[in-house]
Amino acid sequence: MKRLLTIIFTLFSLVTFLKCGTMSTLTYHYIDGSNNQYIITPDTISYKPMTPELSSSGTYSGGEPKDKKISPELYEQISKAFQSAKAAKWEHIEKRQMGSGMVKAFTEGELEYKFLLAMRSNLKSQIETLLASAIDSAENQ
């Protein structure tokens, strides 16, 4: 019985370790309140802005697309911001609304999770400030 419990504990520890190890390999997709998209990988950040042709007003433009390299430290900072937002369930909403933010996380193309942040969420504001800063300060690719 003791041996069986040791094996179960070892397997559980291994699975937990491996699952935690995939955290740093997530690719994040973030869609802000204006439908501008950010795609974050461990070494790049891409900004795909809303265009007037696709905007509901017919005039809004999110600017120019950008693709930049990021450091592992910046990736970890962004990843931690998304993880904090994921844990803050009280900031989540059930349905996409005007001005809300959407977070999707993928591992090797498979959706791991997604959630929506309310328009006036403090975490949403912090994430958008971090991403805007990252896209403006990261190296040109």
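Let me start with a definition: buried means under 20% relative accessible area, exposed means over 50%, and partly exposed is in between, using a 1.4 Å probe and protein chains only. At 34%, Lys-48 is therefore partly exposed. We will come back to Lys-48.

First, some ground rules. This is a predicted model, where local features need pLDDT of at least 70 and side-chain atom pairs count only at pLDDT 80 or more, while totals for chains, interfaces and linings use all residues. Residues are numbered from 1 along each chain as its sequence is written, and side-chain values use heavy atoms, with hydrogens and water left out.

Now the overall layout. The protein chain has 3 helices and 8 strands. Helices here are DSSP runs of H or I with at least four residues, strands are E runs of at least two, and both are numbered from the N terminus. Read from the N terminus, the order is α-β-β-β-β-α-β-β-β-α-β. The chain has 141 residues, and 34% of them are buried. Next, contacts, meaning heavy atoms within 4.5 Å. Take those with a separation of 6 or more: 58% of them join residues 24 or more positions apart.

On to the core. A nonpolar core is a set of buried Ala, Val, Leu, Ile, Met, Phe, Trp, Tyr and Cys residues joined through side-chain atoms within 4.5 Å. The largest one here has 25 residues. Those with the most contacts inside it are Tyr-28, Tyr-38, Ile-40, Ile-45, Ile-78, Phe-82 and Leu-131. Which elements each supply at least two residues of this core? They are strand 1, strand 2, strand 3, helix 2, strand 6, strand 7 and helix 3. Helix 3 gives the largest share, with 6 residues. As background, nonpolar side chains tend to be buried together in soluble globular proteins.

Look at Ile-40 for a moment. Leaving out residues up to four places away in sequence, Ile-40 touches Leu-26, Thr-27, Tyr-28, Ile-45, Ile-70, Tyr-75, Ile-78, Phe-82 and Leu-131.

Helix 2 covers residues 72-87, and helix 3 covers residues 122-137. Their axes come within 10 Å and cross at roughly 165°. Axes are lines fitted to C-alpha atoms, for helices over the stretch in contact, and angles run from 0 to 180 degrees between N-to-C directions. So are helix 2 and helix 3 roughly parallel or roughly antiparallel? Roughly antiparallel. The cut-offs are under 35 degrees for roughly parallel, over 145 for roughly antiparallel and 65 to 115 for roughly perpendicular, with the rest oblique. The crossing of helix 2 past helix 3 is left-handed. That is, the near helix is turned anticlockwise from the far one by less than a right angle; clockwise would be right-handed. On the helix 2 side, the contact uses Leu-74, Gln-77, Ile-78, Ala-81, Phe-82, Ser-84 and Ala-85. On the helix 3 side are Leu-123, Ile-127, Leu-130, Leu-131 and Ala-134.

Now charges. A salt bridge is a side-chain nitrogen of Lys or Arg within 4 Å of a carboxyl oxygen of Asp or Glu. How many salt bridges does that rule give? The count is 3.

Here is Lys-48 again. Lys-48 pairs with Asp-67, with the closest N and O atoms 3.4 Å apart. Asp-67 is in strand 4 and Lys-48 in strand 3, so the pair ties together parts that are 19 residues apart in sequence. Asp-67 is partly exposed too, at 37%.

Another bridge joins Asp-136 and Lys-66, at 3.1 Å from N to O. This pair links distant parts of the chain: Asp-136 is in helix 3 and Lys-66 in strand 4, 70 residues apart. Asp-136 is exposed at 53%, while Lys-66 is partly exposed at 30%.

Is Lys-124 buried or exposed? Buried, with a relative accessibility of 7%.

Last stop: loops. Asn-35, between strand 1 and strand 2, has a positive phi near 70° without being a glycine. Glu-108, between strand 6 and strand 7, also is not a glycine, and its phi is about 50°. Glu-108 is exposed, at 80%.
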